[in-house]
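Please look over the model before reading on.

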Amino acid sequence: MAFNLTRRKFLQTASLAAATIPLSKVVSAETGVAKASLEPKGTSGDTTVVGGLCEMCFWRCQLVGKVRDGQLMKLEGNPKSIDNGTAICARGNAGVKLLYDVDRLKYPLKNVGKRGEPVWKRISWKEALDECGSKLKAVVDQHGPQGICVFPHGASAKYPMHFFERIVGTHNVSEASFFQCRGIRDSAYVSTISKAPGEMVDMSNTKVIFLIGSHLGENIHVSHIKSYMKGLQGGAKLIVADPRYSASAAKSDIWVQIKPGTDTAYLLAIMNYLVQNNKYDKEFVAKHTAGFDKFSAAISEWTLDKAAKECDIPAAQIKEVADLLAANAPNVAIHPGRHVSWYGNDFQRERSLACLTGLLGAYYVKGGWVPSKNPKLGKTSWAKHEHGNEHNLNFNKDKKVYPFNPPGTPTELIRDCAISGKPYPIKGCVVWGQNPMQTIPKQEKMKQVFNAMDFVMCVDVMPTDVTMWADILLPESSYLERHDQIKAGAGKVKADDKLPTQYIAARMPLVAPMFERKDQIYITNEIAKRMGHEKDIPVQSIEELVNKDLAPANITLDSLKAEGGIHLQPGQSPYGVPEDFMVNLFNEDVAAAGFPGAPTYKPVEDVPAGYARLLYGRAPVHTFNRTQNNVWLHHEMPTNPVWLNDEVAAKLGLKDGDTVGFINSEGVKSRTTTIVKVTPGIRKDCVYMYHGFGTANPLMTVGVGQGVDDQSLITKLAIDPETGCHGMRNNFVKLTKDGKALDIPA
Amino acid sequence: MQYGMIIDLERCVGCHACAIACKAEWEVPVEFGRNWVRRLGPTKVGDELASTYYPGLCNHCAKPPCVDACPADPVDVVFKDAKTGKTVTKSVAATWKDPFNGTVQIDKSRCLGCGACAEACPYGARYVNPALTDDVSSDGKADKCTYCMPRVEAGLIPACVQTCLTNARIFGDLDDPKSEVAKYVAKGAKGLEPKGASIGPNSRYYGKKKDITLLFQDETPELADMGSVKRRVMMASMVKPAMRKARDLGLLGLAGAMLVKGLSEKKNDE
């Protein structure tokens, strides 16, 4: 576990942070020649700057900055926040080290080497924008708008994404947050309750929290964790289904050590038991559900014993969980999950969760699924235009290939088209804030996509792995240096408040951008001008956009700043089932599209002899690959040890801390190694590691080569048939020790 | 009064926010930490599986071995009770236990940078920051958690407590039976006492029985080898501060000027 931070790197960081400080102080910070004070000042005397909105992940906690001599010293939760309060997580706290990371992109760069093996030359913004504009325009002129594909991610990517989708007119947009993460969940709930569920479970007020694979504690979103802990401290029972003794499992009352891939069978057995034993909410089902008879008939095969065998768990425990849920219904929180692109059978599992919530009557009630009633705000962006479906890869004549896809085009359709040139050529690629090398499975295929392009541009704050494939690489101002999107919601100011209060916060810069970094409005508009779309530009600046969006609430950026960065206004009760609310237990549309109308279990491929299933998940101090180069976060967690069952480890002769590599069932080897974490807390048929490690780009000097890139081992593709989203947990690995592959014993 | 910190492991989710907030607040070098979080398990505790966290920090002990280890010449220091204004004069080395609030503090201007205190601490809660130097020590200065006394004196709560997502860290006066921390002690919160010792750690842990068992099983420290600490102290006292001062001045004369010149040139280039 080599600590990859040299003294030089640390000094570089210090000197970059000090760039705006008078020279005398730079001398003291760097050399100690002019003696620094021995006692750090602490930040309590620093200037407080309001209006921060975190983007170390995507939860958007509200921040204040502590600024000294123009330098951001510390980030804290905004004391006015009723969402995260004064609390921010490790990543939020470490935003300072993203801001001043010496490896951050500083200037527009042109790749004068090869894609994948870049040689970077600093160029002017004018040259960079001219090149992006003319190359993208050439693609559109020659191949049509469908010749451009876009891989966006994050707050700043929305504006350029809308430009390419709505104005240029390409359907070929693949957001990782949908196709490799939560899109299946959203589509499945839309098919069941006509709404995307978010993670809007009222855990604070619940009696039972039911998690399928969600590892809260390792997966950290501040207000969500606060709500989870409030529920647990209030006596809520916690049920966690996970092959691994996760952070949540360690706090659970019932840990269901389920066989990977069988979750749907488990949920069907719970629902069947509730139906067969009349333990479901009959009143709610009668009034607010459709298709109960077809649904109950379809799931009737799932007895406790059948599921117990399939899921490799005791039948008595399934019954215990079902009874606990029934006894506490409707005040039970059936968590919809977040990253759900697991096995290629995930739409049905998510449908099951939505249906289970319905059987328990746990919608719009205390402790159940409760969407908060948020303030009304604008959605300023590029104007929408109809572009037809002729070039929509998800349409086969009039029929959709993946009928229940989340917004955008399923990733694999775009990749296949780009590589084969059929049905049409895709020759321009825009990557904005996403790192497709480490979000999308099968890296070799991603490389083929980039190699098929006439032009690739990337916009990011850090030199992530995908940026190695760019022709032009543009540096974006970070979330701490720009205005940007709004976070709005509702919460309680005090615990005993009867009604929630609504809040509105818009991102404001805490410090000025350094070097030549620019925001998304500038970059997109300049490219739009060069592509002949100047007349379509909706706003000239991000401030103008945010002010337009704030207008419906009768506030402005100035007024918002004057009131501490957060606007509060009276809210409404989130409880009470809307009259027309319906849960489609059996969904006729899904059935008409040729899929099971009732939630159905489809088994996944078994683990081949000698291998273990590769599972991955979240680390509390990292947001995937985005934070790997952050010196503070790297120090907290420099690598991603692989969890290995203790009995398996003993048979393999592996000890805790041993260094290992991997080879998967398709012969792909890991580029790097990690260490073994030997534990009884994982099943024998799988191994687990944190996602996002093993950066390949040498320009990320802290994160490069640290730990293993789990994505590099996910090469076997699974596609969820209803949604077209990826499933990424059907890959199998052996550990390698000193170059030798070790057969995992059964 | 005795300040203390409770870590409620039922609430702790192991997010490391405390560790990073402290780094920012006190400009702690990347490679050190005034506090830390270690994940323990999952492992068998009796017949059950358990996994919890060790969020550690200075224990501001009742009988701190670090204080006894300090070889700096004692001086008389006037301590003042923040509440009553009462004063008391005590002869202390460069680190001491405050007679009024019970915290263990360091006077860096008198610290010799020898590292004896860091070695004496059974918890590894001290480090020598090599970036902090003066005429007394060119080897750096000992540093550690202060329970955020400068913040507390300014009416704030410790940085780690403020950022804690789940209110798992609770700070207060253990001697005040009405305080939340004292109530936790009454409920059974206990400190990680080193093996066979009784030094009275005041950062205390509360949690499920199996989690507390795991914490104490994995993280109960040994007392430091005081022989080794003594040797370090002897080494430190062999180089008198006056000699160090002369040596540092010499270094400054040669290298210092060059460094300053180099930096101003670099600045001009930009």
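Q: How much area do chain B and chain A bury between them?
A: This is a predicted model, where local features need pLDDT of at least 70, side-chain atom pairs count only at pLDDT 80 or more, and totals for chains, interfaces and linings use all residues. Residues are numbered from 1 along each chain as written, chains are lettered from A in written order, and side-chain values use heavy atoms without hydrogens or water. Buried area is the accessible area (1.4 Å probe) lost on putting two parts together, summed over both. Carbon and sulfur atoms carry 60% of it, and the total is about 4800 Å².

Q: Which residue of chain B forms a salt bridge with A:Arg68?
A: A salt bridge puts a side-chain nitrogen of Lys or Arg within 4 Å of a carboxyl oxygen of Asp or Glu. The rule finds five across this interface. In one of them the closest N and O atoms are 3.0 Å apart, and the partner of A:Arg68 is B:Glu27.

Q: How many residues of strand 3 of chain A are buried?
A: Strands are DSSP runs (E, at least two residues), numbered from the N terminus. Strand 3 spans residues 71-77 of chain A and is mostly covered. Buried means under 20% relative accessible area (1.4 Å probe, protein chains only). The count is seven of seven.

Key. Buried < 20%, exposed > 50% of the residue type's maximum accessible area, 1.4 Å probe, protein only. Helix = DSSP H or I, 4+ residues; strand = E, 2+ residues; numbered from the N terminus.
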